[in-house]
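Please read the following report alongside the sequence and the 3D view. It moves from the strands of each chain to the helices and then to the contact between the chains.

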Amino acid sequence: MLTITSEKENKHDILKLNGEIDASNSVILDEAIQKLAANGSKSILVDGEHLQYISSAGLGVFMSYLEDFQEKEIQLKIFGLSARVYEVFKILGLDQLISIYPTKVEAILD
Amino acid sequence: MTPQIRIYCRTTALADVRAFLQQTLSGFDLSDKDMIQITLAVEEVCANLIIHSHHCNAKESIDLKIIAGDNKLIFEIKDYGKAFNMLDYEAPNLEEVKGNKRKGGLGIILVRKIMDEIEFESSQGVNTCRLVKWFRS
């Protein structure tokens, strides 16, 4: 089960993830990010505090936007991941490629 | 009794795989890190089979069995029909995944990083993938 809610905070769009991301629902995450980018967002903050699990399908979604967003100067940052979910990013070394922060404040300030 | 589960080839069954693994593995003294890594690797193999080998045909099934050995756990994943040997597929490097905008390929890298041994065999329409995780005592 995955639910995603989106809210605006100043110039940032915050995507709150709740539940588990796998191959059955990663498309929901993909569409949510795509929609924000299409609407002209320049700063997407992904709130992972209530994300309980992510498989490669979800990691692939984040990876797929890296170059495109760099070109379009859209910032994509993730914050609030639990230790066990962060571990999944670390196995593949994605913690070096994707901007991940402990808290929302740190994500905004950087 | 060997813990086992049969799932049908739809991606929503992946949640059942995770629940089964969590329940079964809680009986072993595993760290949180090992628990999530093993869950990931086994799920990635099942996801590959469901999507690429069985094209999400829910009439087809996959059997997963967990065998405990001395200092190791063996995850045996059987499916039926045309074999999909993920070892035949070259795992992309991360730059490729980034550049090609391809959303797949990461699963294979994960399985290879997490598991200590990966074996495939195919005989008379039964394909068996064995993932082995060693635990140093």
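The sections below describe the model element by element.

## Basis of the model

This is a predicted model, in which local features need pLDDT of at least 70 and side-chain atom pairs count only at pLDDT 80 or more, while totals for chains, interfaces and linings use all residues. Residues are numbered from 1 along each chain as its sequence is written, and chains are lettered from A and ligands numbered from 1 in the order in which they are written.

A:Ile4 has A:Leu17 of strand 2 as its bridge partner. The two strands form a hairpin with 2 residues between them, and A:Asn10 in the turn has a positive phi of about 55°. Strand 2 of chain A is also joined by 8 bridges to strand 3 (residues 43-54) of chain A, and this pair runs parallel, with A:Asp13 standing opposite A:Ile44 of strand 3.

A:Ala38 belongs to helix 1 (residues 26-38) of chain A. Is A:Ala38 buried or exposed? A:Ala38 counts as exposed because it has 8 C-beta neighbours inside 10 Å; on this scale, with C-beta atoms placed from the backbone, 20 or more others within 10 Å make a residue buried, 12 or fewer exposed, and counts in between partly exposed. Between A:Ala38 and A:Gly48, which are 10 residues apart in sequence, the C-alpha to C-alpha distance is 22 Å.

## The sheet of chain B

Chain B holds an open sheet of 5 strands in the order 1-2-3-5-4, with antiparallel pairing. Strand 1 (4-8) and strand 4 (117-123) of chain B stand at the edges with a single partner strand each, so one side of each is left without a neighbour in the sheet. Within the sheet, 8 bridges join strand 2 (residues 61-69) to the antiparallel strand 3 (residues 72-80) of chain B, and B:Ala68 has B:Leu73 of strand 3 as its bridge partner.

## Helix 4 of chain B and its two partners

Helix 2 (residues 32-53) and helix 4 (residues 106-114) of chain B pack at an angle of about 140°, with their axes 9 Å apart; axes are lines fitted to C-alpha atoms, for helices over the stretch in contact, and angles run from 0 to 180 degrees between N-to-C directions. That angle makes helix 2 of chain B oblique to helix 4 of chain B, since under 35 degrees counts as roughly parallel, over 145 as roughly antiparallel, 65 to 115 as roughly perpendicular and the rest as oblique.

Helix 2 (residues 56-71) of chain A packs against helix 4 of chain B at about 125°, with the axes 9 Å apart, which makes this pair oblique. A:Ser56, A:Leu59 and A:Gly60 meet B:Leu106, B:Gly107 and B:Leu110, where contact means C-beta atoms, placed from the backbone, within 7 Å.

## Contact between the chains

The contact takes 21 residues from chain A and 27 residues from chain B. On the side of chain A that touches chain B, helix 2 and helix 3 (83-91) of chain A are the elements that give two or more residues, and helix 2 of chain A gives the largest share, 8 residues.

Notes
Helices (H or I, at least four residues) and strands (E, at least two) are DSSP runs, numbered from the N terminus. Two residues are in contact if their C-beta atoms, placed from the backbone, lie within 7 Å. Two strands pair if DSSP finds at least two bridges between them.
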